[in-house]
Amino acid sequence: MASSRENGASAMEVDDSKSDPNVQKFSINVLQLLKSAQMQHGLRHGDYTRYRRYCTARLRRLYRSLKFTHGRGRYARKAVTESCVTEVRFLHLVLYTAERAWSHAMEKRQLPDGPNSRQRIHLIGRLRKAVKWATLFSQLCSVKGDSRTSLEAEAYASYMKANLLFEQDRNWDTALMNFKSARAVYEELGKYGDLENQVLCRERVEELEPSIRYCLHKIGESNLQTSEFLHIGEMEGPALDLFKAKLEAVMAEARTQQAASLTEFHWLGHRFPISNAKTRVAILKAQDLEKDSHGPAAESLSSEKRLTVFDKIFAAYNEARSCIRNDLVSAGNAENVKDDLNGLDKAVSALLGQRTIERNQLLVSIAKSKLTKRREEKNEKVTKPEELVRLYDLLLQNTTDLCDLLTSGRDQKPEEAALAEECALKTLVFQAERCFYLALSYGLAGKRVEAYVLYCRARSLAEEALQRYDSSGSSDEMLRRELKNLHDESRSNSCIEHAKGIMEEFKGPENLSKKISTISLSGTDRKLEKLLEKLDVYESAVGDPSVKGVTHIAAFPPTFEAVPRNPIVLDLAYNCVEFPSLESRMKKDKKGFISRLWR
């Protein structure tokens, strides 16, 4: 009875303390605090290692400032309980411990080849640690924090629990419940507070949505196809990294299943059998990415995202080429297999060359848009004509390589010849564009003669390209329009440079006479005053030896000049020459009788 009374009294004391308005309640804007720390310390670029080190350093500072260390000698960990939370930094201590465990798990997830079985066990263990500390943080905030802090801590703990179940590939209904609970809290919090907090809450709701839809898909309550998740995972944010890793695994599994039906690769009338499963998966991945970059949804993508898609296409095709070349090494003396593999390698290389040309053309269009807006937007980086000249040099090298690849081989089909002709036309167009921007750079430098000649050359190349376009019967009206505009601009700019050159030639003597007429000995120029003061003073060219001055005879030390030198001759044939024996011609020493005895 006594013990029960004591328990009841203690419970009443706790209740009274909770209801006491004088008890200090701490306030933490959890989402805003974590988002700021993550963006400033690595997660803006997905660097979880840097963020984990920041959390470790932050915890070290908190332990020292709170004098909450674990002893100098024998380690004795101190538990963070409700009684020791006397200020808000104790809550920060628990929160950053959870963040450190979570970032360590995400660091293991981002390994190049993915985590192996042992690393995956470590990853799940760190996520369990994150769930443990997040739960403790929620419990402490429910007692020591205000209502908003308690609500945010509860959402944070639910999010960590859902991440653990999401990574374990089990209990999808529980994971879905935790994701929905976190989403509901952030939706409610997004209706109040300042504008920055509302934006952060809405962003977190959008980041949680793909994971919720994926859980519904795994449970079977969603009609989404696997390919539709690619469009869901286009958003960025730390909350989506686990989802993207899971999505990549699902897409790899789907491609592996589709690769079983891919037995041949069709390219310009050729059919090449594919026997290696890795080659099939890599080609399927590249084809899926090409659909995204060339489909109707490609127009809505920004230039940066399209460049990222091109990089992924290059990685997929390079992986396919490496697999093909490994098969060539292991093919042995099988000529039929080698011919098929060489043809497949040629086809993949040609596709890689075409995508490289498309990517460089995208870079040219980005540079041209910045070139035309160089005076309107002062904060944006200005594109110089020399940068476009460099890009067109790359395009010319790409088209030359592709033409050489297409014209190599014995049996050339009409499709290959048509593509080679198209590459030759593109080469002529790129030459005209390069010549135009080279002339523009000379014009900006004030070299009128060079600019005029280059504009005339660009116009002649554009005319030749238009004639070849009309003779080829191509239906690309955009290319014809670009050539026509290039021809007209080259003609107009050549006339402008010609007129500017004539004006400068006629105005040259007049400007010179104006400058000479404005020279006055009574001016206010300080140099001119010094010159007038020293008219009666003779200064030696060598100068006074007692005064440190500059000698006016010649520059010392003299400038370096290139001088010819004797060529270096390496006698490589000396070691291979066999010289005749000359022992018969050598003088022999005459020895006496006694010397013979001592031999």
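Y392, F430, F436, Y437 and Y455 together form one aromatic cluster, in a model that is predicted. Rings of Phe, Tyr and Trp (its six-membered ring) are taken to pair if their centres lie within 6.5 Å, with planes under 30 degrees apart counted as stacked, over 60 as edge-to-face and the rest as tilted. Local features were assigned at pLDDT of at least 70 and side-chain atom pairs at pLDDT 80 or more, whereas totals for chains, interfaces and linings use all residues. Residues are numbered from 1 along each chain as its sequence is written, and side-chain values use heavy atoms, without hydrogens and water.

The protein chain contains 19 helices and two strands, defined as DSSP runs (helices H or I, at least four residues; strands E, at least two) and numbered from the N terminus. Of its 599 residues, 35% are buried; buried denotes under 20% relative accessible area, exposed over 50%, and partly exposed in between (1.4 Å probe, protein chains only). The accessible surface of the protein chain amounts to about 38,700 Å², and carbon and sulfur atoms contribute 52% of this area, as computed by the Shrake-Rupley method with a 1.4 Å probe. Among contacts (heavy atoms within 4.5 Å) with a separation of 6 or more, 66% link residues 24 or more positions apart.

The structure holds 13 aromatic pairs. In one of them, the ring centres of Y48 and W102 are 5.7 Å apart and the planes stand at 80°, so this pair is edge-to-face. Because Y48 belongs to helix α3 (residues 48-66) and W102 to helix α4 (residues 88-109), the pair ties together parts 54 residues apart in sequence. Both Y48 and W102 are buried. F436 and Y455 also form an edge-to-face pair, with 5.6 Å from centre to centre and 65° between the planes. This pair ties together parts 19 residues apart in sequence, because F436 lies in helix α15 (residues 414-444) and Y455 in helix α16 (residues 448-472). The relative accessible area is 6% for F436 and 2% for Y455.

The charged end of K78 sits over the ring of F68, 5.7 Å from its centre, and R204 lies over the face of Y159, at 5.3 Å from the ring centre; the criterion is NZ of Lys or CZ of Arg within 6 Å of the ring centre and within 35 degrees of the ring normal. E416, in helix α15, is buried at a relative accessible area of 2%.

Most residues other than glycine have a negative phi. K67, which is not a glycine, has a positive phi of about 55°; K67 lies in the loop between α3 and α4 and is exposed at 71% relative accessibility. N171 likewise has a positive phi, near 55°, and is located in the loop between α6 and α7, where N171 is partly exposed at 43% relative accessibility.
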